[in-house]
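This report concerns the salt bridges of one protein structure. Please consult the sequence and the model as shown here.

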Amino acid sequence: MRIDIVSIFPDYLAPLRLSLPGKAIDRGILELGVHDLRSWTRDVHRSVDDTPYGGGPGMVMRPDVWGECLDDVCPDDALLVVPTPAGVPFTQATAEEFSTESHLVFACGRYEGIDQRVFDDAARRVRVREVSIGDFVLIGGEVAVMAMIEATVRLIPGVLGNNESHEQDSFSDGILEGPAYTRPQQWRGLSVPPVLLSGDHARIAAWRHEQGLARTEALRPDLLAGPTVSAGPDHTA
Ligand SMILES: Nc1cc(-c2ccc3ccn(Cc4ccccn4)c3c2)[nH]n1
């Protein structure tokens with residue numbers, strides 16, 4: 001898989017080369033390109049934003065600079081992912097879909113966002129996903145992109161080591177994971193649940209499922225309410 005990211009703060013994405021994505025890069029499983037949007041400016045001030053039509057606070061990112069950038073960075077077979085508070089929810093299902101792509105391009109906006117015509121124009125030749133990572137507003141797209149890349153890259157075969165796996169991920173079977181324990185068996189007067197010491201793998205699996213279900217009912221009853229809308233093949237934003 002190749003991932004390209006466009007940002008006016010390319011250094012913000014440097015941590016992606018550590019930890020998981022970094023290992024994937026070293027193993028040749030992932031190619032990562034980070035691009036400074038200002039490389040596509042033509043004025044002496046290297047301007048990327050302007051005042052919003054219709055008035056309102058803040059600035060909007062210019063279509064001309066983004067358009068020329070995406071012409072260079074985003075080929076027709078790529079999936080263009082645009083983080084925005086006004087997008088379709090990014091879920092584990094979205095991460096699964098993204099992990100099967102050969103080329104992802106992430107457009108990190110700032111200010112009040114990017115001129116909508118950038119995505120209307122891009123949609124003439126590439127698939128576009130406007131995606132939200134949660135119902136809160138960030139200052140820009142970089143943090144959202146790092147979260148989406150981590151959730152996506154860990155699902156690529158070979159990225160997680162043998163003793164880590166995503167098969168039992170939270171959300172992958174629709175319920176939250178139950179509690180986890182490690183040594184020591186007694187700690188500050190608190191004990192590990194005896195079932196986990198029993199060696200009875202069927203009982204342990206059943207207990208973990210019950211614990212996950214109870215946690216889900218208590219904290220995330222919405223997950224038990226049935227399928228939700230998320231950014232995926234049939235939900236183009
Ligand atoms: N789940 C998410 C995603 C974002 C996000 C993603 C990209 C950008 C580019 C700019 N902003 C700030 C901003 C503020 C007000 C209205 C629009 N955008 C972003 C915010 N916030 N929360």
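Is glutamate 142 buried or exposed? Glutamate 142 is buried, with a relative accessible area of 0%, where buried means under 20% relative accessible area, exposed over 50% and partly exposed in between, for a 1.4 Å probe and protein chains only. The model is predicted, so local features need pLDDT of at least 70 and side-chain atom pairs count only at pLDDT 80 or more, while totals for chains, interfaces and linings use all residues. Residues are numbered from 1 along each chain as its sequence is written, and side-chain values use heavy atoms, leaving out hydrogens and water.

Side chains of opposite charge can pair when their charged atoms come close. A salt bridge is a side-chain nitrogen of Lys or Arg within 4 Å of a carboxyl oxygen of Asp or Glu. By this rule the count is 11 salt bridges, including those in the table.

| Salt bridge | Closest N and O atoms |
|---|---|
| Arginine 62 and aspartate 64 | 2.6 Å |
| Arginine 127 and glutamate 101 | 2.7 Å |
| Arginine 110 and glutamate 142 | 2.9 Å |

Arginine 110 lies in the loop between E6 and helix H4 (117-122) and glutamate 142 in helix H5 (residues 142-153), so this pair ties together parts 32 residues apart in sequence. Helices (H or I, at least four residues) and strands (E, at least two) are DSSP runs, numbered from the N terminus. Arginine 110 is also buried, at 14% relative accessible area.

Arginine 62 is partly exposed at 23%, as is aspartate 64 at 38%. Arginine 127 is partly exposed at 34%, whereas glutamate 101 is buried at 13%.
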